[in-house]
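Trainee: I would like to go through this model by question and answer. Please state the cut-offs as the terms come up.

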Amino acid sequence: MTSETYLDVPGTENAGRRLSQAVEEFKGSLRSLNYELERDHGCWSDDEIGKQFESSYLDEANQTRESLRKLRDSLTEFADVGLPNVISNVQELDSSYGDVMKQYRSQVEEYRSKMTGHMLPPDDEESS
């Protein structure tokens, strides 16, 4: 297990921009798909075979379209809000942790300066 966590902020921001671009391409593909599906909706006949096709096709097609819309929305939310929030939260946590460590170091140094006359010097044999 590592004792340190590292976030490449510029790299992560770049990945977020690339994801946003990919999401825009995905949205364009979904618009094209929806256009084609709407254009061809009902192209099957009204006979028994056409009605059978419609009954097995429409529900599955609509469920797939709804799933693709949800995926689009999730990817958009992650690219536009989720990932930037992660970056911001990690930076804020890192900054506040650094501030706490500075305070702790300052308190330790202050304690040591007060205790200098009261502490025994380190034993050379024990420190070897």
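**Rings, helices and charges**

Trainee: What is the relative accessible area of Tyr57?

Mentor: This is a predicted model, in which local features need pLDDT of at least 70 and side-chain atom pairs count only at pLDDT 80 or more, while totals for chains, interfaces and linings use all residues. Residues are numbered from 1 along each chain as its sequence is written, and side-chain values use heavy atoms, with hydrogens and water left out. Buried means under 20% relative accessible area, exposed over 50% and partly exposed in between, with a 1.4 Å probe and protein chains only. Tyr57 falls in the partly exposed class, its relative accessible area being 26%.

Trainee: Is the ring pair of Phe53 and Tyr57 stacked or edge-to-face?

Mentor: Rings of Phe, Tyr and Trp (its six-membered ring) pair if their centres lie within 6.5 Å; planes under 30 degrees apart count as stacked, over 60 as edge-to-face and the rest as tilted. The ring centres of Phe53 and Tyr57 are 5.0 Å apart and the planes meet at 15 degrees, so the pair is stacked.

Trainee: Which parts does the pair of Trp44 and Tyr57 tie together?

Mentor: Tyr57 belongs to helix H2 and Trp44 to the loop between H1 and H2, so the pair ties together parts 13 residues apart in sequence. Trp44 is buried, at 14% relative accessibility. The parts tied together are thus helix H2 and the loop between H1 and H2.

Trainee: Which residues make up the cluster linked by ring pairs?

Mentor: Tyr57 pairs with Phe53. Tyr57 also pairs with Trp44. The cluster linked by ring pairs consists of Trp44, Phe53 and Tyr57.

Trainee: What pattern does the protein chain follow along the sequence?

Mentor: Helices (H or I, at least four residues) and strands (E, at least two) are DSSP runs, numbered from the N terminus. The protein chain has three helices and zero strands. Its pattern is α-α-α.

Trainee: What share of the contacts between residues at least 6 apart joins residues at least 24 apart?

Mentor: A contact means heavy atoms within 4.5 Å. Of the 128 residues in the protein chain, 12% are buried. Among contacts between residues at least 6 apart in sequence, the share that joins residues at least 24 apart is 72%.

Trainee: Which residue forms a salt bridge with Glu38, and what does the pair tie together?

Mentor: A salt bridge is a side-chain nitrogen of Lys or Arg within 4 Å of a carboxyl oxygen of Asp or Glu, and the whole structure has six. In one of them, the closest N and O atoms of Glu38 and Arg65 are 2.8 Å apart. Glu38 lies in helix H1 (residues 9-40) and its partner in helix H2 (residues 48-115), so the pair ties together parts 27 residues apart in sequence.

Trainee: Which residues are linked with Glu36 in a network of salt bridges?

Mentor: Arg39 and Asp40 form a salt bridge, with 3.1 Å between the closest N and O atoms. Arg39 is partly exposed at 48% relative accessibility, and Asp40 is partly exposed at 34%. The residues linked with Glu36 in the network are Arg39 and Asp40.

Trainee: Which residues does Lys27 touch, leaving out those up to four places away in sequence?

Mentor: Lys27 sits in helix H1 and is buried, at 18% relative accessible area. Arg72 is partly exposed at 25% and forms a salt bridge with Asp73 (3.0 Å, N to O). With residues up to four places away left out, Lys27 touches Arg72 and Thr76.
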